[in-house]
Amino acid sequence: MSTFVEEKDKLPGWNRPPVIEPDGDGELLEVAMGPHHPSTHGVFRMDVALDGERVIRLKPVFGYLHRNHEKLGEGMSYLGSMPFTDRLDYMCPLTNNWAYALAVEKLTGQEVPERAEYLRVILGELTRVVNHASAIGFLIQEMGASGTPLMYAFKQREKILDLFEALTGARMMVNYMRFGGCRVDATPAWLGAVRKVLDDLPQFADEFENLLRGNEILMARTQGVGILRPELAVNAGVTGPMLRASGVNYDIRKVDGYGIYNRFKFRVPLGEHWDVYDRFMIRLLEMRESFGIIDQALKDIPGGPIMDPKAKLRGFRPKPGEAYGRIEGPKGELGFYLISDGGPNPYRYRIRPPSLINLTVLEDMCLGSNVADVVLIFGSVDIVLGEVDR
Amino acid sequence: MKTVEEIKAAIEAAVPGAGVEVVPNPSVSGQHSLRLAASHAVEVATFLRDDAELALDFLSNATGVDWPDKEVSEKVKVTRTVSKIVDGTEQQVEETVEETRKHVVPGCLEAVYHLFSVAKKHGPVVIRMKTANRTDQVHLPSLTPVWRSAEFQEREIFDLFGIVFTGHPDLRRLLMWEEFKDHPMRRDYVEPDDFEYEPTAHDEVLKRAQERRAKLSAVVSGQEGAGA
């Protein structure tokens with residue numbers, strides 16, 4: 001693992017985007033891709049300078065969905081922010097809940113009962129399946145395969161969202177986790193329903209993979225495109241499937257072992273070619289590992305309470321201090337940084353958004369490639385604007 | 001992993017005169033931090049990244065914190081000499097009185113960085129830097145040349161808190177639009193009545209808006225004075 005240290009040539013500017021000279025003497029064409037463009041997953045803009053079809057410069061422009069979420073968090077109680085975390089990355093509300101609950105538990109030292117930890121793992125991994133399947137669906141959609149792969153993914157997503165609805169009462173805005181546990185307990189019938197959905201998932205993954213993996217168009221358009229070198233990926237703070245597709249073995253579930261992840265057996269897939277195809281395949285493989293984790297969790301889930309009996313929800317005032325808690329979200333490292341001054345509201349409420357920080361290297365990956373590939377490279381980063389702009 | 005004290009000693013051995021101090025964290029998380037002097041911050045950061053044992057190659061989170069001026073009142077016992085008439089004659093007598101003294105703790109803006117190591121799989125190491133004040137001396141050295149992941153995050157701090165990072169390759173607003181003037185994450189920020197406000201013939205609307213604005217800023221500065 002010392003490659004990152006050695007490869008750093010320590011020249012100033014090694015981690016900056018390269019300068020690409022236009023060839024020929026034509027004028028550069030400046031294009032604003034977005035903010036309302038089907039390939040940008042929402043209101044996101046890229047200011048691109050093109051020499052013919054080649055990208056010479058690319059500057060992402062943020063803020064169209066900015067609502068100053070962090071300021072809102074400072075103005076309300078700790079628990080009051082929990083439903084707002086659902087709106088960050090609205091594809092994965094449960095992992096957002098989890099990251100926030102984990103940060104507050106770090107700040108106060110609350111314990112989480114075993115059953116609640118298992119429920120968190122089951123829900124977190126189901127969320128990961130939903131996110132990765134949809135991310136692949138959107139990526140292929142942007143390649144021009146209109147509809148079919150995305151509908152394959154959304155068929156499974158519907159089944160999993162039905163599970164979320166049965167447990168939490170909402171498909172997306174779940175507001176489920178609490179500091180020191182979870183809000184409602186799962187019935188045996190619900191766990192049976194998870195098992196039933198889980199039994200179908202490997203077949204779905206096979207189908208999905210067979211549909212896509214060997215597709216000639218997909219291979220031609222993604223292999224060798226959007227290469228991200230591992231040392232730059234680490235230096236630029238890229239996390240999640242993006243980082244592992246660049247061949248860096250760093251999964252916070254393994255590194256921190258937060259919750260009860262130490263108890264589960266799963267592998268961390270790594271990419272070898274660091275391109276868009278690897279990022280697509282890593283998501284497929286991670287989905288399969290998630291099935292295994294859910295299966296183990298369903299087998300081992302104990303009975304018992306789902307809330308720490310000492311947990312205090314109203315009049316909750318943590319002692320002064322600060323804490324940074326992070327989890328391996330489906331898109332990367334999702335962290336919450338909280339400073340308490342002893343009051344009922346956090347003094348500082350900061351979200352570390354994986355989507356925004358993964359976009360740091362978008363320019364580096366796109367420079368020199370064709371403008372049509374920009375759409376694919378952008379799709380392979382897998383972002384949600386609710387989290388980028390906060 | 002090394003404790004913060006050991007890291008402090010390692011930094012001081014490698015970068016003479018680094019001026020590092022430990023900031024204890026009283027919460028149970030136990031994530032104590034190191035405050036770097038702005039003058040040596042880039043050198044220290046480069047050391048933290050390249051040191052074989054620490055190898056903090058991954059800057060995860062960079063953020064700002066606003067600490068406004070705070071008025072602290074404390075009770076002090078003061079002994080002074082007063083002239084009193086004792087037994088008909090004037091004498092100098094020592095007397096102890098309790099006085100309430102008020103002083104203002106000057107505010108600052110702070111940048112906080114959470115570092116991890118991908119190579120060694122440890123962390124977090126928290127480093128922080130603070131500005132001299134909140135108005136005109138708000139410059140801090142940028143750590144983007146050391147860790148690229150600070151690029152957008154420092155732009156966000158500049159945008160929302162108003163810390164100016166010297167040495168940042170592309171310091172522009174990130175989330176607010178370029179013509180925007182204020183820094184919304186500051187504690188004393190007052191939001192305008194209407195972001196798209198244009199003066200029109202409606203004088204009374206303008207007057208009402210100005211009154212509300214004056215009232216709001218009075219409320220906010222009042223709160224700041226009484227601050228916790």
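Trainee: How are α6(A) and α7(A) oriented to each other?
Mentor: Helices here are DSSP runs of H or I with at least four residues, strands are E runs of at least two, and both are numbered from the N terminus. Axes are lines fitted to C-alpha atoms, for helices over the stretch in contact, and angles run from 0 to 180 degrees between N-to-C directions. Under 35 degrees counts as roughly parallel, over 145 as roughly antiparallel, 65 to 115 as roughly perpendicular and the rest as oblique. Helix α6 (residues 148–168) and helix α7 (residues 188–212), both of chain A, pack at about 170° with axes 10 Å apart, so α6(A) and α7(A) are roughly antiparallel.
Mentor: Bear in mind that this is a predicted model: local features need pLDDT of at least 70, side-chain atom pairs count only at pLDDT 80 or more, and totals for chains, interfaces and linings use all residues. Residues are numbered from 1 along each chain as its sequence is written, while chains are lettered from A and ligands numbered from 1 in the order in which they are written.

Trainee: Which residues make the contact of α6(A) with α7(A)?
Mentor: Contact means C-beta atoms, placed from the backbone, within 7 Å. Among them are Tyr152(A), Ile160(A) and Leu163(A) from α6(A), and Trp190(A), Val197(A) and Phe204(A) from α7(A).

Trainee: Is α4(A) largely enclosed or open, and why?
Mentor: A residue is buried if 20 or more other C-beta atoms lie within 10 Å of its own, exposed at 12 or fewer, and partly exposed in between, with C-beta atoms placed from the backbone. For α4(A), 16 of the 16 residues are buried, so the rest of the structure largely encloses this helix.

Trainee: How many residues of chain A touch chain B?
Mentor: 44 residues of chain A are in contact with 34 of chain B. On the chain A side, β9(A) gives the largest share, 5 residues.

Trainee: What radius of gyration does chain B have?
Mentor: The radius is taken over C-alpha atoms, and the globule rule is 2.2 Å times the number of residues to the power 0.38. For 228 residues a compact globule would come out near 17 Å, but chain B has 25 Å. Its C-alpha trace spans about 85 × 65 × 30 Å along the principal axes, and 34% of the residues of chain B count as buried. Chain B has 4 helices and 9 strands.

Terms used:
Two residues are in contact if their C-beta atoms, placed from the backbone, lie within 7 Å.
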